[in-house]
Amino acid sequence: MRGRGGISRRGVLGMAAGLAALPLTRAAASSNSATPEDVIGRWYKLVLQLVRHTATYSPPVASRAFAYLGIAAYEALAPSGGMRTLAGQVNGLTAVPARAAGQDYSDAVLLHAVMTASTQNFFGNTGPSGQGAMAAMAQKLGARAADGVAADVVARSTELGQAIAAHIFAWSQGDGGAVVENMGFPLEYTLTEGAAHWVPTSLVRQQQMPLLPNWGNNRPFAMADGGVCGLEPPLEYSEDPASEFYAQAMEVYTTSKTLTDEQKLIARFWSDDPMLSPTPPGHWISIAMQILARDHADAPRCAEVLALLGIAVADGFIGCWHEKFRHDLLRPVTYIRRVIDKTWNPLLITPPFPEYPSGHSTQSGAAAAVLTHLFGEGFAFDDATHENEGLPVRSFPDFWAAAEEAAVSRLYGGIHFRAANERGLAQGRCIGEQAIALKTRG
Amino acid sequence: MRVLAVLLMLCGPALAEEPLLPAFAEETTTAGIDHRYMGDWQYMVGGGVAVFDCDADGFEDVFLAGGAGPSQLYRNVSEQGQALRFEPVDGMALDSVTGAYPLDADNDGLMDLAVLRVGENRLLRGLGACRFQDASAEWGFDGGDAWSTAFAATWEKGADWPTIAIGNYIDRAQEDFPWGSCTDNWLHRAEGRRFAAPLPLTPSFCALSMLFTDWNRYGRPSLRVSNDREYYEGGQEQLWHLEAGTPPRLYTESEGWARLRIWGMGIASQDVTGDGFPDYFLTSMADNKLQTLAAQPATPDAKPAFADVAFARGVTAHRPYTGGETRPSTAWHAQFDDVNNDGRADLFVAKGNVDAMPDFASDDPNNLLLQRADGTFLEAGDVAGVASMKSARGAALADFNRDGLLDLIVVNRREPVQIWRNVTTGAGHAVALWLRQGGSNRDAIGAFVEVKTDAGVQSREITIGGGHAGGQLGWRHFGLGAAATAEVRVIWPDGLAGEWQSVAADGFYLMDRDKPPQAVAPN
């Protein structure tokens with residue numbers, strides 16, 4: 001996909017800038033004042049760093065935070081942005097505290113209060129640098145958001161924002177994913193017996209247990225439960241060279257031996273390793289942020305996109321994990337070393353959990369479905385997520401092209417069989433449809 | 001190229017029994033050291049201790065980083081075999097010190113001290129009697145204005161003056177958004193008998209430990225850099241070529257260097273596998289790494305490809321082993337040395353939470369891992385008495401009272417420095433060796449020492465650097481097990497291998513070049 005196409009905009013973005021909710025009762029605001037768009041943009045920029053730099057934030061955990069942060073921002077701006085509340089639509093969410101009738105609110109201050117409290121709620125376990133950054137953002141951006149806003153409006157908006165954040169956080173505590181211990185690795189776990197099943201692939205002691213084996217039982221957001229978009233079983237395990245399973249393993253093996261520079265680049269571009277990147281769901285959030293910034297989207301639109309995308313990737317991981325531990329398939333590195341070449345190493349580090357389906361594929365499918373719904377078919381964009389890491393910007397003609405590249409990157413990286421990628425995308429599309437069914441407008 | 005005779009460890013029959021468990025008696029409150037490593041964000045790393053003999057009495061003294069508080073030099077006034085005792089030395093209370101390393105930079109036979117700081121680094125010339133004078137300007141040493149956290153020194157071929165590498169951390173002006181703000185490490189090369197303007201070691205990735213090491217025993221050290229992935233973008237562990245007269249350049253994947261990204265915090269080096277080549281323990285958060293050359297048998301033509309054998313050997317040290325915590329550990333300084341004198345290198349690892357990081361253990365005991373005959377390690381920190389739960393950073397194993405047993409000092413963040421006397425009963429014999437040569441590089445940085453007994457050959461590279469923000473230069477301790485004598489030889493930094501020479505166990509010996517070992521009694 002590299003080098004393709006210019007940037008295109010779709011009509012859906014046309015409403016963006018013109019609908020900005022202006023802070024009320026603003027007087028003598030300076031050029032340093034923060035708009036609601038500044039507020040959401042700057043907080044999300046920090047959140048992407050916090051995901052990378054908070055050890056608990058494996059991809060499933062990150063996706064959960066993105067969903068709650070997005071919903072919190074969305075609910076804060078829904079009244080002024082003309083959007084429908086998600087209360088009563090997503091599982092378990094009741095009506096958030098409402099704006100008082102006849103009172104003025106500043107969207108920037110309100111949103112800042114929501115993001116300040118929510119970020120602290122979901123990243124309270126980050127390290128000293130993250131804590132410092134959150135505190136600095138709260139103080140400096142807060143001052144800018146309040147610049148030129150009447151004191152009573154600031155106080156009222158802040159109080160409401162904190163109340164909304166508290167409401168969302170309280171709701172989050174019952175979803176099954178609120179407590180993550182030992183970076184998500186259980187202290188005890190019984191492996192499934194049989195040659196077809198997952199065994200540890202890492203020399204890291206902590207990773208001798210699979211990551212978050214119960215994550216698929218968490219309460220989803222838009223779908224009824226983790227099994228709604230279940231998958232057929234993986235290919236039947238066989239070591240027979242004539243079998244389809246062997247053929248798919250051999251494809252991983254031969255692909256690894258003939259990787260082009262472009263394929264290696266694709267593998268690394270979508271590698272999105274936890275603690276070294278914003279993770280796969282963060283990669284899609286990053287894509288959305290780039291598009292929203294490029295197109296000067298207003299804050300309600302930003303919140304709408306970030307909420308639906310967060311829901312899609314979070315449900316994507318719940319659904320994917322549900323199937324991973326239902327089918328519990330071994331990784332290519334295990335099979336290939338057992339059957340084909342005992343010295344083989346994949347390009348990427350094999351993640352420490354079962355293979356089928358591919359998590360990146362599922363959540364990328366869900367993300368592509370939602371973003372296509374929001375921005376339209378054929379929406380071209382550039383992705384500079386990893387530019388600071390030295391990886392070049394990649395260009396895509398549409399969201400599905402990006403999702404398909406993310407999926408096949410796992411084959412290039414040697415960490416998934418083709419079936420896990422293709423069926424993961426299909427599962428993601430199904431999960432994305434659940435998020436799309438949520439009503440945000442009209 | 002240096003002609004190398006690879007001496008394989010000739011292990012005797014595998015012993016079924018576990019290693020002798022050492023015993024340490026804490027003497028923190030009686031030893032006369034009252035010091036803490038203080039400060040907030042800019043001192044979340046660092047906290048090193050330099051161990052060296054500043055008054056030429058044969059007993060090693062300590063210089064302690066103070067962070068936001070003052071640094072402090074303590075003279076060792078212990079008596080042989082007795083309780084540990086130290087006295088503070090006036091005039092060494094520097095501010096903003098993160099760490100320190102001794103070296104004889106000007107080759108005058110008096111130990112100097114490189115001091116790492118948040119701000120301008122200093123080179124202090126030793127004047128004898130534990131007195132020092134800032135010689136940075138006189139020696140042309142540009143101390144910079146960075147957050148310095150790592151140090152290594154070597155003498156390049158033909159140089160009269162050392163080459164110093166300084167590792168620098170985050171841009172401290174970026175406290176609000178520090179990620180991706182790693183500042184350049186610097187390489188200070190010799191220009192006659194002073195330092196040239198520093199060369200930036202670009203790219204730099206927030207180094208927390210550096211070590212010049214001849215990893216393939218080619219006869220020329222490379223610079224190994226361990227980097228903190230918390231703050232870099234696009235970074236990884238690094239190995240630099242260092243060839244005299246040419247700019248340093250990174251080893252690449254095409255040369256065999258494999259990308260590794262960890263929270264690199266400390267490097268300990270020792271030949272653990274017995275193949276004659278240095279192995280490297282890299283501290284991090286959760287699992288730590290023990291790297292040995294992947295190509296076996298190792299040769300000087302080996303590619304810089306390393307296998308991680310930490311899991312196989314039982315030194316991942318990823319989680320507290322006592323105290324009930326299940327959250328992963330945070331490791332800082334590490335040091336290989338033989339604490340029970342059985343002839344096998346053991347491993348001490350200082351542990352401590354960065355600063356209220358809830359994802360990691362807050363009660364994080366230090367490790368003391370004893371090497372078994374089969375090369376695996378046994379955790380003994382708790383039974384040995386050194387499993388402190390304080391937030392450790394720097395540390396050193398050193399024989400402070402010259403009784404042939406390695407004692408332990410640990411620098412803790414915001415809490416008192418702790419010191420333990422090794423009181424192991426039934427330990428094996430040992431020898432301590434101090435290399436010296438005339439001219440430049442008087443402490444023979446870059447030499448390899450080999451000690452041979454019936455149990456085999458121990459090989460050790462003489463380095464200054466690595467660890468976490470502190471190192472030691474002086475006596476090198478070798479456990480001998482039951483052997484009453486040992487054969488020792490030195491392969492000097494210029495590649496010349498000395499003769500095998502016999503030394504009696506339980507002695508301290510000066511290994512002057514071209515002279516027989518000279519037993520040194522305590523002054």
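**Note on the predicted model: chains A and B**

1. In chain B, strands β30 (residues 448-453) and β34 (residues 485-491) are paired in the antiparallel sense, over five bridges. One position can be checked directly: B:Val449 has B:Val490 of β34(B) as its bridge partner. The coordinates under discussion are those of a predicted model.

2. This pair belongs to an open sheet of four strands in chain B, ordered β31-β30-β34-β35, with antiparallel pairing. The edges are formed by β31 (456-461) and β35 (501-504) of chain B, each of which pairs on one side only. From one strand to the next, the twist averages 30°.

3. Chain A contains 13 helices and two strands. Its radius of gyration is 22 Å, close to the 22 Å given by the globule rule for 442 residues, so chain A is as compact as a globular protein of that length. The C-alpha trace of chain A spans about 75 × 50 × 40 Å along its principal axes.

4. Of the 442 residues in chain A, 56% count as buried. Among contacts in chain A with a separation of 6 or more, 85% are accounted for by residues 24 or more positions apart.

5. Within chain A, helix α2 (residues 59-81) packs with helix α8 (residues 279-294) at an angle of about 40°, the axes lying 7 Å apart. The angle makes α2(A) oblique to α8(A). The contact involves A:Pro59, A:Ala62, A:Ser63 and A:Phe66 of α2(A), together with A:Thr279, A:Pro280, A:Pro281, A:Gly282 and A:Ile285 of α8(A). By class, the contact of α2(A) with α8(A) comprises six nonpolar and three polar residues, with no charged residues.

Technical notes. Residues numbered from 1 in each chain as written. Chains lettered and ligands numbered in written order. Predicted model: local features only at pLDDT ≥ 70, side-chain atom pairs only at ≥ 80, totals over all residues. Rg over C-alpha atoms; globule rule 2.2 N^0.38 Å. Buried ≥ 20, exposed ≤ 12 C-beta atoms within 10 Å, placed from the backbone. Contact = placed C-beta atoms within 7 Å. Axes fitted to C-alpha atoms, helices over the stretch in contact; angles between N-to-C directions. Parallel < 35°, antiparallel > 145°, perpendicular 65-115°, else oblique. Nonpolar A, V, L, I, M, F, W, Y, C, P; charged D, E, K, R; others polar. Pairing = 2+ DSSP bridges.
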